[in-house]
Amino acid sequence: MALSRTKLILSDFDGSIVPDHIKNYMEDQKVLEAANIVRCLYPTPYKFATMTGGSIERITPWAELSGAPLFAENGGVLLDPRDKSGRIKILMDKEEADFIIKFISPMIEKELDKSYPGYTKSSTKITMATYFKPENVAIDEFRDHVLSFLSRELSKEQYARIFVTYGKTLIDVNHAGADKVRAVKFASKFFDAPIDRITAYGDGDNDRPAFDAVLRGRGTVIIPANHDVEVRKWAEKNSGDLFITKHHLESTECLIDVLGQLYRRLG
């Protein structure tokens with residue numbers, strides 16, 4: 001595993017730190033073990049941050065237990081549990097966030113109310129919009145319907161301002177450029193860590209921009225065994241890159257193994 005230069009791990013949350021989208025993740029003993037290991041990293045030269053498209057509200061318990069900064073909503077917002085003020089910092093440009101939340105999101109919801117009445121929405125996002133598909137609908141169908149609708153209803157200039165990523169059960173609607181590349185840049189500055197000392201760890205479609213950004217800077221990428229089809233295609237395309245590791249373990253167990261390797265390097 002290519003961890004020899006790593007000083008900072010940037011980790012996705014759902015599917016990477018915890019099994020994919022489980023609700024009561026703080027009851028999972030392996031998740032608690034991982035949080036304890038991360039908390040113990042901070043006296044060492046190694047650091048850890050969570051980098052996710054998820055909401056601050058959902059992931060705050062993990063952030064507080066692990067003590068690790070949380071770049072949520074693809075780096076749109078930051079929670080640093082070591083800052084005792086408890087303030088949430090909005091890192092994304094307000095006009096970009098308003099374009100998604102106040103303009104695009106109401107359009108999508110009106111269409112989904114008509115076409116997919118069983119869908120649900122994440123109600124806690126500040127800078128992006130997340131929609132969960134109905135149980136009996138394929139995610140590809142759900143995603144393609146939203147994209148087709150937006151391509152019809154928006155001007156070319158407006159449509160160029162959005163992008164959609166997806167997981168096994170949901171789609172995220174983001175402003176163009178508000179992807180995990182920004183999260184990598186914010187985290188690099190926050191920790192004063194050059195990109196070649198960063199390892200990006202993730203399993204899903206919205207992790208690919210971060211993977212590309214880290215590899216361009218000659219950092220490293222680790223992919224757990226439960227990665228989705230888009231990450232599988234990405235890994236196959238980049239199969240000759242020695243800075244990419246496809247791990248044999250899944251999600252939390254994979255993370256624990258990676259963190260353990262850092263500790264063993266401390267001697």
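Colleague: In this predicted model, is Asp 83 buried, partly exposed or exposed?
Modeller: Exposure is judged by relative accessible area, with buried under 20% and exposed over 50%. Asp 83 has 24% relative accessibility, so Asp 83 counts as partly exposed.

Colleague: Which side chain meets Asp 83 in a salt bridge, and how exposed is that residue?
Modeller: The partner is Arg 87, with N to O at 3.4 Å. The cut-off for a salt bridge is 4 Å. Exposed means over 50%. Arg 87 has 51% relative accessibility, so Arg 87 counts as exposed.

Colleague: How many residues apart in sequence are the parts tied together by Arg 218 and Asp 241?
Modeller: The side chains of Arg 218 and Asp 241 meet in a salt bridge, 3.9 Å from N to O. Arg 218 lies in the loop between helix 7 (208-216) and strand 11 (220-223). Asp 241 lies in the loop between helix 8 (229-237) and strand 12 (244-246), so the pair ties together parts that are apart in sequence by 23 residues.

Colleague: Of Arg 58 and Asp 14, which counts as buried?
Modeller: Buried means under 20%. Arg 58, at 23% relative accessibility, counts as partly exposed. At 11%, the buried residue is Asp 14.

Colleague: What is the volume of the largest pocket?
Modeller: Its lining has 30 residues, and those closest to the centre are Asp 14, His 21, Arg 58, Phe 132 and Leu 170. Helix 2 (56-66), strand 7 (129-132), strand 8 (162-166) and strand 9 (170-175) each give two or more residues to the lining. The lining divides into 4 nonpolar, 13 polar and 13 charged residues. The volume of the largest pocket is about 610 Å³.

Colleague: Which residues form the nonpolar patch on the surface?
Modeller: Patch residues need over 30% relative accessible area. Ile 88, found in strand 5 (residues 88-90), has 41% and counts as partly exposed. Together the patch has about 250 Å² of accessible area, and its residues are Ile 88, Ile 90 and Ile 126.

Colleague: How many salt bridges does the count come to?
Modeller: Some are linked in a network, joining Asp 12, Lys 180 and Asp 207. With the 4 Å cut-off, the count comes to 18.

Methods. Residues numbered from 1 in each chain as written. Predicted model: local features only at pLDDT ≥ 70, side-chain atom pairs only at ≥ 80, totals over all residues. Heavy atoms only, no water. 1 Å grid on protein atoms, 1.4 Å probe; cavity = no way out; pocket = protein on both sides within 12 Å on 5 of 7 lines; lining within 4 Å. Points joined across faces, edges and corners; volume = space filled by probe spheres on them. Helix = DSSP H or I, 4+ residues; strand = E, 2+ residues; numbered from the N terminus. Nonpolar A, V, L, I, M, F, W, Y, C, P; charged D, E, K, R; others polar. Patch = residues over 30% accessible without salt bridge, like charges linked within 9 Å, V, L, I, M, F, W, Y side chains within 5 Å. Areas by Shrake-Rupley, 256 points an atom, 1.4 Å probe, with all protein chains shown as cover. Buried < 20%, exposed > 50% of the residue type's maximum accessible area, 1.4 Å probe, protein only.
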